[in-house]
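Reader: Please take a close look at the ligand site. I would like its surroundings, its contacts and its lining in one connected account.

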Amino acid sequence: MLRGIFSILTVLLAAFCPCSFQADIADKYFPQSFRFGASTAAYQIEGAWNEDGKGENMWDHWLHENAGHTDDGLNGDVACDSYHKWQEDVQHLKELGVQTYRFSLSWSRILPTGYPDTINQLGVDYYLTLIKTLKENGIEPIVTIYHWDLPEVFNEQGGWLVPEVSDHYESYARVCFQLFGEQVKYWVTVNEPKSTCMWGYGTGIQAPGLTLIGDGVYTCAHNILLAHAKAWHVYDTEFRSQQGGKVGIVLDHTWSEPASNSQQDAEAVERENEFGLGWYANPVYLGNYPQVMIDRIGNRSVQEGLSQSRLPQFTDTQVEFIKGTSDFFGLNMYTGYMVQYTDDYQANPPTYWGDKGGNTYSDPSWPKSSLDWLTSYPEGLRKLLNYVNDKYKPPEIIVTENGWTDVTGTLDDDDRVSYYQGYLSNLLLALVEDGVNVTGYTLWSLLDNFEWGSGYTQKFGIIHVDFNSPNRTRTWKKSAKWYQNVIATRCLVDQCQ
Ligand code: GBH
């Protein structure tokens, strides 16, 4: 009887409690050394696309050429205007109480021609001052060298489809280490190579808009992996001994649950992991592409009558060169999927999807955001952290992105709060219960910002930005206040043990 009343009460609480239901949320403290933070990227927040000597990048070019590439016809010319409002941004970070801030450098702001022969001092000063101010406020910068904004000049030479781009990237990375390396201890070489290859070179929904889903995606990945490894080696041989920082790559992945307990679904899940994460993580941590990719793409290429695999090959020297080139694992994780085996797709036309095989969908019980791909499956983060830890054994993991979107931009963003609370709870359990060495978390995003193909229609920020006002006024959402409290108490519930 009492139990019955208790469970009714629990259900009522879950339904009506404004404080978001806490029963499933871990009530342990985050260790003092754990770093909370927030994440952004240059093209998505800076604006000032042609000010103070900045050169043109492929996103500037692509959207100036055709406004139809975004849902609202808008671009990043002004964005959050963080190029001018950076002091205010730092102030918000300080009030939030974060220990770290992840942002990216705009290649063409630092090197307007793309090449290191011309260094744009005003652009350099912008980042130097930002970094200095962050550090004065006790905020450790995590600096992404490349978050998808390739200088247009290299795009015109073939972008990530040609091997030379990895040399240009190497030169640019060297300049970054030279200019900022005294102050920066955490470097990210490339943000989410899978995204930029899949959507920029595969489906064409992002710059440069190419639709080479059967081969270009693999070439792009190949060249980005080489670029990443070159930057890591530059740091390792030329800078590490003086600067003592860490250089890692940020990879995005989801957690997949099998649609049934059949062997076929289990294999579909494995392919989801190998094609989705192993494609990049295997070369970097274990050496070379996953065998299942080499085999499947190789076999299907033969069936298609090709004389060689659509998956490029690394030489043995390259395998060794790339292996071991990440001092920490940056993990972007947003969502979960159900995965179901399907009969193999026809080989023609060749696609990444066919190579991978399997259908993905969201479980109907998972809360949905305003983007189809993003539902809330918080347990997936704990599972994925364990998977990454067991398989790749990285020395350190940082969750570099995780976040929730809506289209209203409401300040009463309870859904975002529940999302973060669930994911952070699972991160905490991975850390304290499972012993995964996850040292930090930078949520996406500090601000509502330019959400690539969605323009400004999708709002990922914990701080609202008024894009109708020239001032780009920033206003805290409920989630920002909630996060501030979590950071201050190091606890996700009212009372931690
Ligand atoms: C991150 O990518 C990016 O690093 C960041 O810049 C971005 O703002 C943030 O996510 C929020 O989107 O439309 O079904 O074809 C997250 C990984 C890559 C997942 C693109 C969704 C499109 C899927 N995302 N992908 S779909």
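Author: A pocket is defined on a 1 Å grid over the protein atoms alone: it is an open set of points with protein on both sides within 12 Å along at least five of seven lines, while a cavity is a set of points where a 1.4 Å probe fits but cannot get out. Lining residues have an atom within 4 Å of a point. A molecule sits in a pocket if more than half of its atoms lie within 2 Å of its grid points. Here, the space taken by the ligand is the largest pocket.

This is a predicted model, in which local features need pLDDT of at least 70, side-chain atom pairs count only at pLDDT 80 or more, and totals for chains, interfaces and linings use all residues. Residues are numbered from 1 along each chain as its sequence is written, and side-chain values use heavy atoms, with hydrogens and water left out.

Start with the pocket. Its volume is about 1000 Å³, counted as the space filled by probe spheres set on grid points joined across faces, edges and corners. The lining has 40 residues. Nearest the centre of the pocket lie Ser195, Trp199, Asp252, Tyr337 and Trp373. By class, the lining holds 14 nonpolar, 18 polar and eight charged residues. Ala, Val, Leu, Ile, Met, Phe, Trp, Tyr, Cys and Pro count as nonpolar, Asp, Glu, Lys and Arg as charged, and the others, Gly among them, as polar.

Several elements each supply at least two lining residues, including helix H9 (193–202), strand S5 (246–258), helix H11 (263–286) and strand S6 (329–340). Helices (H or I, at least four residues) and strands (E, at least two) are DSSP runs, numbered from the N terminus.

Next, the polar contacts (pairs of N or O atoms within 3.5 Å). An oxygen atom of the ligand lies 2.9 Å from a side-chain N or O atom of Glu401. For Trp452, a ligand oxygen atom is likewise 2.9 Å from an N or O atom in the side chain. Taken alone, the ligand exposes 590 Å², and the protein buries 80% of that. These areas come from the Shrake-Rupley method with a 1.4 Å probe.

Note on methods:
Polar contact = N/O pair within 3.5 Å; in protein donor to acceptor, adjacent residues only side chain to side chain.
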